[in-house]
Amino acid sequence: MSGSHHGAHSHSHGDHAHDHPHQHGHPHTHEATPVEGGVLGEAVDLTVPDAELSPAALSRRGVLRGAGLLGAGLSAAGAVGAASPAAAVGRPGGDRPGERYQWLAGDHHIHTQYSPDAMYRVSDQVRAANQYGLDWMVITDHGGETHARIGVEKTNPDIRAARQANPDVLVFQGLEWNIPSAEHGTVFVAPGPNEVSVLQQFEQGYDGSVRGASSSSPANEALAVAGLTFLAQQVRDGRTPDALMLANHPARNGVDSPHEIRGWRDAPGRIAIGMEGAPGHQAAGIPADALGPGSARGYYGNSPSANSFAGYPLESYRTWGGFDWMTSTVGGLWDSLLAEGLPWWVTANSDSHSVYGDWSVNPTGNDRTATGPDGRVFEVDGLYSDPVYGGQIQTGRGDFWPGFYSRTHVGVPRAGYRQVMAAMRDGRVWVDHGRLVDAVDVRVRAVTATSRESTLGGSLRVRQGDDVEVTITVALASGPNWATFRPELARVDLIVGQVTGAVTDRDVFTTPTTRVVQSFDTTGVRAQGGTASFTYTVRDVGGPFYVRFRGTDGKRSQVGIYGAAVDPQGPALDVEGDADPWEDLWFYTNPVFVVPEGRPRGRR
Amino acid sequence: MTTTSTRPASPPAGAPGARPSDDAGDEGPARHVLGLLTPHLRRPAEVDHAAALVAAVPGLPTGALVGSTLVPGAPQHLGLVVLTPSPLPEEVALAVATAAGADGAGTHVAERATSGVVDRVAVFPGREHLVGVLAARDLLAASAVEALVGLGGLALPADAVVDTRAHVRPRLADGRLVLDVQPSRGGRWVPFEPPVQHSCCSAH
């Protein structure tokens, strides 16, 4: 590790830290009296993680959290003063000790010949994912009448065969859910005897296309939540070991309103855990004079329709540095969700349908009613004929192979299907484009109690008044990416926001306190061994807050949407028809929460 | 069917080359607003079709704007609105409503238009001149569009060049017709709204 070299080890001191997460006016002086035993018992003992509580205690804790009573250390004064922001937040992730995790790269959004607008065999996509370095992947063909009737069932043997043929890749079966009243979302389950039946039942009951429920309406919104509730029930009943949902390309058409996202997040069972921070189709903006499709990056080129949320600004319909506006905007929608002190994580995927620069074609030209060379008809059989050699390189397409450009890194104690899902639910996730960096490690600790730490997705308990150290260690790309050059990380930005608790307006998509608090220059790191650690200290913590990081090759930036004081060098608006994805690389981490509890250290 | 009128605090929409101004003078002519209940309109292309039919109604005054605003509720839809420099005779208003396939009066879209807001304007004076690649100043001079606005706060240079893609759909904001534009290839700008929406996938 070369973290102590020039420029690669930076400490920030009080002047930065003091004005931000510190919550003034919080009562520091009262004698805290933790409530123990009695009617509340283990439910309020936050040293007992949720997973170890009895169902009854867990339920009790949920009620207390919902009432805003838990999370500040349930002191006598705290219980009375439950309206303070500190009291409004639970500890979304619990402890996430920064033990050595194995980081598995993956992609939860991949299509095959079982989608009406795609073409590859399951085995093609799994082989590609394996070749381009992915450890896990989810097959997510489009929900719809044909898929629900027959496609989902027929995909399963292909997936099982691919698992056998590629033992190094965890291949999940899922589907791309047409969320009633909204956009698309990944839904997937852990392998098991019921993986097909759970998915099929879900799709038949709750897919917006199958149910004719795609347009925006309160009834359709309720159907979406009912679908998530159904999945939670399947997990609870043991029909599937686990199920997850993530919102895909959430801002593309403006149809995922903030209140819908909050509604999915708050549905029972925490099935909905996050969204694509970056959509797929990252090749779509390669300019035509570079033999690219010349479209909009991510195919984010649309404008509002009747299904759109009226409050979204027009710039939300475009990508920024390849990322979705909800994620790329500092102080924007994602931050407004995190400021509630609730978990909501971001990912990056290929959305691979048909690949830029590939040579093969769908022999029917994606005609669902045409008969392919082997006699298949999509609408009858649920899948297209296998791809055939097309005779020329296909330059009009906007997608990459899984793993070729977008990666979602998940930290697991050991590899396994359920471990990957658990880690995703925990938020132990960071994402990158173009293999910008090899590794990212984030640790957060109280300066005076360094034995306890949290990492991505976690929430660290500290005492009121503690100083908190945030450390990121980045390993620069050690080798070339799949465009055969070695990317150079230029800068890492630390973003900090206060946790202000539940919102009264469920359609809010800004939060005023989140901003970039420090940027670390990484241009000299290569010469010093390629790995660097940066530390930032938040002094005298008064209220709950979160930290998150992003990094960039520094090639394209502009002042963030909320101004230079919030984000002086944010991602740039991607140029229509001229967005070379290899010349604009970013990584984003998920947040770590810090929750001060109890009495200040040393004040007895 | 009645029309309401508003006096915008800005230059008249029909004035060629009118530039954005902080001048809050109210010398512009009243705009008469006819809001229509059009729950069948859900996509911009459907609005364009209806707006073209409305624009062809005999007796519609010169200088009319035809546009749409998102109407929340069930069904959420795009409400058609017609703004004219002079009041519509009742038979013309009825012909307009018929051409639009309207079910009645649209109060939400009318209220928004009366306050100077229309989400998207499909018919406006001079639109037939907005084809090909134009200097920004020529675009403003040739049509009722009064200002260009860079997407996401981007500043437009004075000598900006706009590739219209033969598809220009401004909006009415504070009573002014403004066009949102975004950067495109070769340093040019293009209108925010694409001529063709990329409809991904099977479901929508």
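Two residues are in contact if their C-beta atoms, placed from the backbone, lie within 7 Å of each other. This tour concerns a predicted model, in which local features require a pLDDT of at least 70 and side-chain atom pairs count only at pLDDT 80 or more, while totals for chains, interfaces and linings use all residues. Residues are numbered from 1 along each chain as its sequence is written, and chains are lettered from A, with ligands numbered from 1, in the order in which they are written.

**Val81(B) and the cores**

Select Val81(B). Leaving aside neighbours within four places in sequence, the contacts of Val81(B) include Val33(B), Leu34(B), Gly35(B) and Leu36(B), as well as Ala110(B), Ala113(B) and Val118(B). Val81(B), together with Met137(A), Val594(A) and Val96(B), touches the most other members of the largest nonpolar core, which has 193 residues. Such a core is a set of buried Ala, Val, Leu, Ile, Met, Phe, Trp, Tyr and Cys residues joined through C-beta atoms within 7 Å. A residue is buried if 20 or more other C-beta atoms lie within 10 Å of its own, exposed if 12 or fewer, and partly exposed in between. Next, select Tyr114(A), Tyr120(A), Phe378(A) and Leu383(A), which are among the 7 residues of a second, separate core.

**Chain B and its side towards chain A**

Colour chain B by secondary structure: it has 4 helices and 12 strands, where helices (H or I, at least four residues) and strands (E, at least two) are DSSP runs numbered from the N terminus. Of the 204 residues of chain B, 47% count as buried.

Now display both chains. Here 30 residues of chain B are in contact with 33 residues of chain A. On the chain B side, β4 (77-84) and β11 (176-183) each supply at least two residues, and β11(B) gives the largest share, 3 residues.

**Helix α5 of chain A**

Move to residues 122-131 of chain A, helix α5, where 7 of the 10 residues are buried. Those buried are Val122(A), Asp124(A), Gln125(A), Val126(A), Ala128(A), Ala129(A) and Asn130(A). They pack against β1 (102-110), β2 (136-142), α6 (145-165) and β3 (170-178) of chain A. After α5(A) comes Gly133(A), with a positive phi near 95 degrees.

**Confidence in chain A**

The average is 86, and 83% of the residues score at least 70. Select residues 1-48 of chain A, where pLDDT stays under 50, and then residues 53-89, where the pLDDT is below 50.

Methods. pLDDT is the predictor's confidence in each residue, from 0 to 100.
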